[in-house]
Amino acid sequence: MCCESKRFLLLYATQKGQAKAIAEEICQQAGAHGLEADMHCISEMEKYNLETEKDPVVIVISTTGTGDPPDTARKFVKKIQDKTLPPDHFTHLQYGLLGLGDSEYMFFCNGGRTVDQRLQELGAQHFYDTGLADDCVGLELVVDPWIDGLWLALKKALQLQKEKEGMNNAVKAVSSSLSPAPHAVHELKLSSEAQNLKLEDEGVRGSGVLSQKLDDINLVAPARGTKPSLVHSVPPVSQSALNIPALPPEYIEVEFQDTQGENPHLSSLISEGTTFEVPVTKAVQLTREDAIKTTLLLELDIADTAFGYQPGDAFCVICPNNVCEVEELLHILGLTEKGDDFVCVKVKQGTKKKGASCPQHIPGRSTLKFILTWCLEIRAIPKKAFLRALVECTSDAGEKRRLQELCSRQGASDYNSFIRDCNVCLLDLLHAFPSCKPSLSLLIEYLPKLQARSYSVSSSNLYQPGRLCFVFNVVEFPAGPSRPVSRKGVCTGWLAELVAPLLHPSKNSLDTGESSSTEKICIFPRPNNAFHLPADPSVPFIMVGPGTGISPFIGFLQHRQKLREQHTDWVFGETWLFFGCRHQDRDYLFKQVHYLASILDELQCFLENGTLTHLKVCFSRDSSTAEVTPPKYVQDVLRLCAKEVASVLLKERGYFYICGDKKHMADGVSEAIVDILSMEMEADTLEAMKILAMLREAKRYLQDVWS
């Protein structure tokens with residue numbers, strides 16, 4: 001191959017860093033296959049031009065929200081969705097696409113599917129089959145074989161391109177009297193060959209084979225019947241030669257500086273738009289102390305800001321890592337005394353990593369503690385590439401072998417069972433493998449950006465001007481075999497600690513009616529394009545929100561109540577709320593909301609003033625002495641109201657909203673709706689599923705769900 005034909009364009013679109021990490025892995029492996037990856041973030045459109053691109057293009061793209069392309073791809077997607085583009089706009093383009101998603105969500109890999117479909121509509125051709133990787137079961141199950149097959153596909157595509165260019169040159173040299181038919185036929189054949197390259201094509205393997213005699217490792221043979229764990233393996237993994245990822249070159253170095261100064265403002269860490277620093281004015285615990293989960297409602301004062309929202313929107317909270325965990329990490333790194341020192345992070349001189357650059361989420365100048373607290377996701381589940389790098393920092397032979405197993409193909413099941421499914425983080429690994437002593441530069445290379453956490457708005461700016469409320473469960477990660485200590489969620493644990501003075505005010509603040517707390521948090525908006533009240537107030541709608549899924553519907557009802565007060569001549573459709581929780585007396589949210597000394601039964605108020613027409617509730621853990629067992633879950637209650645639900649959706653052209661847990665609730669609700677439609681329409685299941693799909697397409701069946 002000539003030098004020019006070694007190149008391919010590699011684009012990535014990432015939200016949390018996974019797509020970028022995979023693109024970097026492809027870029028790193030390319031050299032070993034004699035290829036050159038020209039890698040760019042898809043947002044850097046000034047650095048590449050698909051309109052004139054002749055070389056093959058590889059795209060790695062994730063999905064965010066409820067099926068949206070990541071923020072970094074929005075401009076690109078908007079550009080290619082221009083309806084004035086002709087259907088042959090990209091006929092010159094050959095590409096392969098790897099989409100990342102989570103099948104827990106309705107629109108699996110929709111970011112990748114959207115780009116893939118549009119490129120096809122504009123005439124682009126696959127040189128390699130599209131891969132769709134599922135984070136629910138492990139991205140590597142698709143990513144690894146997809147990358148393995150990529151190299152042969154790329155080489156064939158480049159060779160076909162070379163032959164095609166040579167043929168075009170030959171055609172130009174032939175007299176104009178020659179028939180163009182043979183050229184046209186051959187070109188069609190080339191394009192067909194490129195289109196039909198399959199994922200099964202065997203390429204050169206990108207990972208090395210580690211063959212190590214077990215005699216050389218001081219392993220204690222597991223007793224008969226011993227089960228595998230994070231730190232122990234059993235046959236066949238413990239006796240296998242291992243396929244482990246190649247070790248990428250180091251590319252970051254950290255210099256400590258003697259200078260003093262201030263850390264950057266938190267707003268500089270966010271690229272999504274304007275941030276607002278707002279005070280927390282109220283905190284209310286919505287559940288009893290003996291409830292299984294602790295649910296809090298927080299109220300923020302946004303009166304002096306330009307922050308705007310609609311009921312149904314979401315917003316993000318910029319949160320820090322746990323202070324104790326940061327101190328613990330500093331201690332393990334041997335840097336306790338240097339936490340407040342300023343550091344300079346730069347690319348290592350002479351690194352062999354192509355296109356190496358400092359991570360964008362690391363400030364140019366800040367203290368070490370600031371980086372570990374606000375910039376790096378130290379709770380992130382370590383990827384296999386990170387485990388591979390940690391192998392080189394581990395001195396004990398047995399621990400080294402186990403880390404090799406966990407990042408190998410042979411240890412894929414162990415990785416899923418003891419790291420991924422258990423939400424193991426870096427600190428857990430460092431406790432489990434005490435001889436592992438990574439450098440600070442290694443952590444900056446491999447730990448992803450600390451992401452802001454998203455929450456649904458639980459209020460209406462019309463009902464409570466200048467106020468924003470949201471509801472959340474304080475997430476708990478119990479201690480277990482892979483986690484030595486219990487932990488709270490990064491953001492929910494921090495918020496709970498932050499508002500403790502508001503939840504448990506001192507005697508002095510109770511006497512004065514004021515709280516000494518002036519805690520502020522940084523937020524930024526994340527509008528929801530679809531999950532809003534119907535534009536026509538006369539249209540009925542159904543809300544299904546068990547647990548904290550009720551949160552956005554409180555905002556809906558507050559907004560509807562205010563509209564009813566302001567527009568007495570309007571016609572308003574019926575409203576239904578289906579709510580469920582474990583125990584009626586422990587976690588029935590918004591039944592009794594404590595605002596200091598007063599008790600407000602908010603849902604009952606909505607019923608009494610006509611804002612809420614129907615309230616249906618169920619309690620999954622309460623025992624019953626009734627002759628007929630009451631329904632336990634919201635989907636059971638929906639089935640009891642089958643005729644009314646079908647009427648709202650089919651006859652009255654109403655809307656249906658679901659908010660809450662996807663796996664254990666939203667899927668069950670969808671199945672219930674299919675059953676209801678099938679029964680009430682006297683149609684088969686397939687026909688009912690088509691009707692539900694049409695409701696989704698018409699944006700009348702809307703979900704705001706999480707896994």
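Mentor: Helices (H or I, at least four residues) and strands (E, at least two) are DSSP runs, numbered from the N terminus. This is a predicted model, where local features need pLDDT of at least 70, side-chain atom pairs count only at pLDDT 80 or more, and totals for chains, interfaces and linings use all residues. Residues are numbered from 1 along each chain as its sequence is written, and side-chain values use heavy atoms, with hydrogens and water left out.
Trainee: OK, how many helices and strands does the protein have?
Mentor: There are 21 helices and 26 strands.
Trainee: And what share of the residues is buried?
Mentor: 49% of the 707 residues, with buried meaning under 20% relative accessible area (1.4 Å probe, protein chains only).
Trainee: Let's look at helix 20. How far does helix 20 reach?
Mentor: Its 20 residues, 662-681, span 26 Å from first C-alpha to last. That's close to the 28 Å expected at 1.5 Å a residue, where the expected span is 1.5 Å times one less than the number of residues.
Trainee: Which residues are buried there?
Mentor: Among them are Met665, Val669, Ile673 and Leu677. The cover over the buried residues of helix 20 includes helix 21 (685-697) and strand 26 (701-706).
Trainee: What follows helix 20?
Mentor: Glu682, with a positive phi near 55°.
Trainee: New topic: where is Asp301?
Mentor: In strand 11, residues 295-301.
Trainee: Which side chain does Asp301 join in a polar contact?
Mentor: That of Arg467, at 3.0 Å. A polar contact is a pair of N or O atoms within 3.5 Å; within protein, one must be able to donate a hydrogen and the other to accept it, and residues adjacent in sequence count only if both atoms are side-chain atoms. The Asp301 side chain also reaches the backbone nitrogen of Ala303, at 3.0 Å.

Terms used: Buried means under 20% relative accessible area, exposed over 50%, partly exposed in between (1.4 Å probe, protein chains only). Contact means heavy atoms within 4.5 Å.
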